[in-house]
Amino acid sequence: MVKLRAGWLEGRLTSASRAMTTATPLGRANLASCVQACAVHSGKLSRNPDQKRIRLDEAIAELISTYTRVLADPEKATVIASAKTTWHKELPEILEALLQVGSKAVDVGAPEEMRLALTITDTVLSVRDSSRAAWRLRAQVLEATGQDAEAIEAHERYAALVKDDGLGTAARIVGLKQSHERLIESIRLLQEESPAAQSFAGIPGIELWAEGGDLADHGQWEQAEPRLVAALAAMVEEGWSSTEIRSALADFIDLLLEENTGQLAASTRLFELYADHVRLKVREPVLDPLLGGTEPIGVSDFRNLVAGKTICLVANSQGAGNSTMGSEIDSYDLVVRFNSYQINPSATGKRTDIHATIHKHGFNWAEKVETRLVFGGNNGLWQQSMRRRLVPGAQRYVNDRTLRWPVRDLGMMGEDVWPSIPTTGFNMLYLLDFLDVNPKIDLIGFDFYDSGAYRLPAAMKLPITPVHGYSKEKEWVLARAQAVTDIRISLR
Amino acid sequence: MTSPRHATPSNLTGKRRIAFASYVDENYLPGFLTLLRSLALTNPGICEDFVVLYDDLLPASVTAIRRLHPRIKLRQVNASHYDEFVKGNPDNYLVRKAYFILDVFRIRDYDTIITLDTDMVVLGDLSELLQMRRGLGAVPQFFQGQDKLNSGLLVIQKEYLSDEFCAQIDATGRSGEYELDKHDQGILNALLQGSFISLDSRYNYVKRRLAGDLPVPDDVAILHFTGRHKPWNGGELGYSQAEAAWRAYDLSDADFATKFLAQSGPKHPELLMHFGRRMIKHGGELRAAQQVASAYMDKGGYHEAVDILSRSVIPAKETGAHALLGSALMSVSRYDEAEAHLLLASADAANSAKVFSQVSQIAWIRNDDAKANRYALQGLTTNPTDRMSRIMYKRTVEGGAGDTGIPSEQLAHVAFYMDGQGNAGDKVLPESVRMCFGPDTGPRRWHSVHVHRLVDEKALEQINSRRGLVIGGGGLFIPDTSPNGNSAWQWNVPDDMLKRINVPIAVFAVGYNAFDGQSYTRSRFTESLRLLVSRSAFFGLRNHGSVEKVRALLPAELRDKVLFQPCPTTVARQLTPGWQDPVRRDETVLINCAYDRAGLRFGHDYGHFLKEMATAIRAIGKHTDVRYAAHAVTDEKFVFDLRREYGISLQVEPMYDYSNEQIRASYARTKLVIGMRGHAGMIPFGCGTPIISLISHPKMAYFLSDIGRPEWGVSVHDVNLGAVLSERALGILGNHAATVADVHQRQQDLWAVTRQNAAILSGTF
């Protein structure tokens, strides 16, 4: 019943990472052999019905096509032929295609694909150790295979190369470190509680594990336990990956659950350490769980906060950005702005009381506001952004899940009624119209992108995406409008 | 217990009692068993009584039937009654038995009965039939035109379940003035002459329409195998597709249970418990055990849930099962084991905030605030907006307000003390109770003991160092909310601790809410209750309904100790120092609804309730401004539903954010309160304001009966709720001064009882 998985030992990656840090130049042979490894792998994927593997195969086909195209171009071919270590600069299309293959391989997640992905990061990083994408890919692979220390290093290299931490790498590093510490601590705890384990020191982990498992199977738990504990300690000593050790620890806990029914309370600390280890590996801790004093609020709280107040919603449009509405906007009791709003006092006003934003971009999250409403259509991803992006203390209130997606959740307008993804602006104005507690709800500069966007410079490159039904939203708004001017639509 | 029959909760709340019914005999038994299986598999969320009319069933058949439905009600038909009916061709098998289904009209225990022929199979959702409120519904005969019904499916409302209609059936049957070869159906058609509510044919889709091996249309909800060739007897050539639809439900018990449990989507807990129990006993899987245990949890069967999940060892990776077992163990006060399982479950990142908040609650229950705070913070570390973790964090970070008085001069007070934004009624309650013992309701004179916290050595010592112990008020005699295995009611006190309390005990204005089933919980509760009554110097329950029910649980010598003590919120005008009635009232009516245990409250009638309320609000709103009093945040579902479904906006008074003074002031100022929560009736009444109760729970019926004004209650199930409510509300508004005077008068009676009790109490406290 106890299964040993030693297959991964041969693929241990410490040597690979050592190779990297020794700065051995990995030249032409490496790119060529890497592409060749991909081609060989493609052969193993043919006729496999798994969607992720099909996408990997497509990525490999793309790589090979790019590679052969390059070889067919005499000028470019010399870059490969002359074993230049600058190929990544001169042939960015190959770099791009390689990283794509790596990313699709990680999606598959099976051992062989992980090995392929690692080969790719080796190849890329040996010529360009400032590749953010490669470090990130590498961190993903190493995390998945339980090479905790190396994964942390890869994350740190990545973090050093990026300016803003939108992916929450700093917290990820903390999570991985804590996860690893808990694992080690759990085994130390077992050793303390089973002093007899010491007498097995020096015997290889696998042997002890098999012996202990056998004894447990034959009902000799008292003899089995110290051997199994010693085996776990030996696995740490021998440098097994954390995935392997965790799997053995889980098997050990299953045996404990079987043997010690009724006295589980004695194992509470062990269970907690084990669970922390497992959880922290996939979910990094929120470094400030109280969010710097931010209060989460629900839909009722929000209604109570805004009831009776005049409110205006300022669009991120050129219409608003080039207007002279500034002082008028600031005269409302409450001013709502969206996503990557940009302030130009004379045009847009200065104050922001409510910042409504989609969860997936981090624009303006550090700006101090009274209330930050973060919207999102997918609960898991929304929660992830709430953990990663909220800036402690940058808001007094933040919405909880009851205000995650107002059009769908509160309005219960499913895709049958409202097929397109509602915009942040529409979610917000729908919410206010639904609550129906404001004497004035005015939309400023809402021309549904007729005048173009007016946003923070970094957000200007974001496309005005076709997934939103702007014309339907416009129709909805105009059907409820009480008064309409060039710049203002009044809903009350 | 042999409590008087008249006091069933559904009678008191007017909850609509719905049943299915079939006439079943041995020949048609295989058909009926398939019908039951198909009903459960296609309508897994529906579980109503199923009346089986019979005259010759064998014991083994009854066993088979009961296995397939948890609420079978057997009822023998009066066969000889139909002997005098004029009949058709005597060779027809049905000539005698077809009439027996007419016995259904003699049943008086239900408001709605849906009859199904045993040669039917259910293929789709039937909830539309359950939501019907008027007339006699049936599908017109396919070959005969619209004025005649097919009696295979009938949706019968109360007005037809009457002696008068039965007499008409008998007269027609005996006269022979009907289509004799159509038996029961002939009689009904002769009687109704086309006046029935015509249902879509998909609810009784006769097999003949599929002649020539046609496929069953997708929208058919009930397929009816009319004619002599039944699928369980080999069927008929040319109907293979129809018969395949039937055979899909011709399953062994084990296959059926597996299929039922494997289905996704919500399932009725009684069905889950019924089918799952057998399956688990016969070695079912962990997934099945989890579902069934969770159904038991919903129904208050905490011990049963523990038993089910403890039968096999749950692997460490099965975090969901560990979380459930942890909750179940917590509910039976096996806290150490609960903590171990919950912590193991915290490996699952997605569920970890909830699990940590539970570990935090356990620590808090065990009076370890520091630990509780640590785990609440852990919950927030995995999900910073998790509501329960926030609540636990705040509850434990502030620390106790601390008593300021001298212990020997204080009273200990066991009550439900609310967190911020808790239920407004529960917030007012402890203070109101204290007012009955004197004007100072603060920490100088009172030592607060939260009802959910475990009475350990230290807590006991603190109680015993006070001059007395007051317990109440509120509905503390219920098993759920924060279940514990020590007492099985809200105060987490083990018997041996209760025995060691050596200061006088007063149980004050506590309510009893019916426990159903759950033998272990019930017997634990009864023992704890008996001990409590025997140790109490004063034992007062807040309504006569509770008094009666609690007395029934006690040995004769203890019964007289149980007294009536109205909830002190109902006499607020008398109790509140310096109370002044409002000189002028706002032109407003306040409405309140509650959504805890929503399934129990509304049954199948929530859509109806909302529609009728919209009608009433529009009618009342023409005269007076209608607003909404939210006692708890969750009460606001009504406001949102009303806005969404009917475009009506109600201004909300967020009483969960109010102080006690604000709550009373708000209720005293308004002209009328239409409330569903108990305290949305009792508090305004106490403030001298007329009330109408939306009855969805027996306790409000008890209260109205105590004040002799049952007409101030309307069942949320009332078929004419909108009209009745508008009429009564406008009646009260039109006759306001007199109604206020009546409220004051009624209150005097409750106040007299309270003062009498105070006299008794002053001897001891």
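Accessible areas here come from the Shrake-Rupley method with a 1.4 Å probe, and for residues only the protein chains shown count as cover. On that basis, the accessible surface of chain B comes to about 29,500 Å², and carbon and sulfur atoms account for 49% of that surface. The model is a predicted one, in which local features need pLDDT of at least 70 and side-chain atom pairs count only at pLDDT 80 or more, while totals for chains, interfaces and linings use all residues. Residues are numbered from 1 along each chain as its sequence is written, chains are lettered from A and ligands numbered from 1 in the order in which they are written, and side-chain values use heavy atoms, with hydrogens and water left out.

To begin with overall dimensions, the C-alpha trace of chain B spans about 90 × 65 × 55 Å along its principal axes. The radius of gyration is taken over C-alpha atoms, and the globule rule is 2.2 Å times the number of residues to the power 0.38. For 765 residues a compact globule would have a value near 27 Å, and the 29 Å of chain B agrees with this. Of these 765 residues, 60% are buried (under 20% relative accessible area with a 1.4 Å probe, protein chains only; exposed is over 50%, partly exposed in between).

Chain B has 32 helices and 23 strands, which are DSSP runs numbered from the N terminus (helices H or I, at least four residues; strands E, at least two). Seven strands of chain B form an open sheet with mixed pairing, in the order β3-β2-β1-β4-β7-β6-β8; two strands pair if DSSP finds at least two bridges between them. Because β3 (72–76) and β8 (197–198) of chain B stand at the edges with a single partner strand each, one side of each is left without a neighbour in the sheet. Strand β8(B) pairs with β6 (residues 136–140) of chain B in the parallel sense over two bridges, and S198(B) is the bridge partner of A138(B).

Within this sheet, what surrounds β4(B)? Five of its five residues are buried, so β4(B) is largely enclosed by the rest of the structure. In a regular strand the side chains alternate between the two faces of the sheet. Here T112(B), I114(B) and L116(B) point one way, and I113(B) and T115(B) the other. Strand β4(B) pairs with β1(B) in the parallel sense over four bridges, with A19(B) opposite I113(B). With β7 (residues 149–157) of chain B, the pairing of β4(B) is antiparallel over five bridges, and L153(B) is the bridge partner of L116(B).
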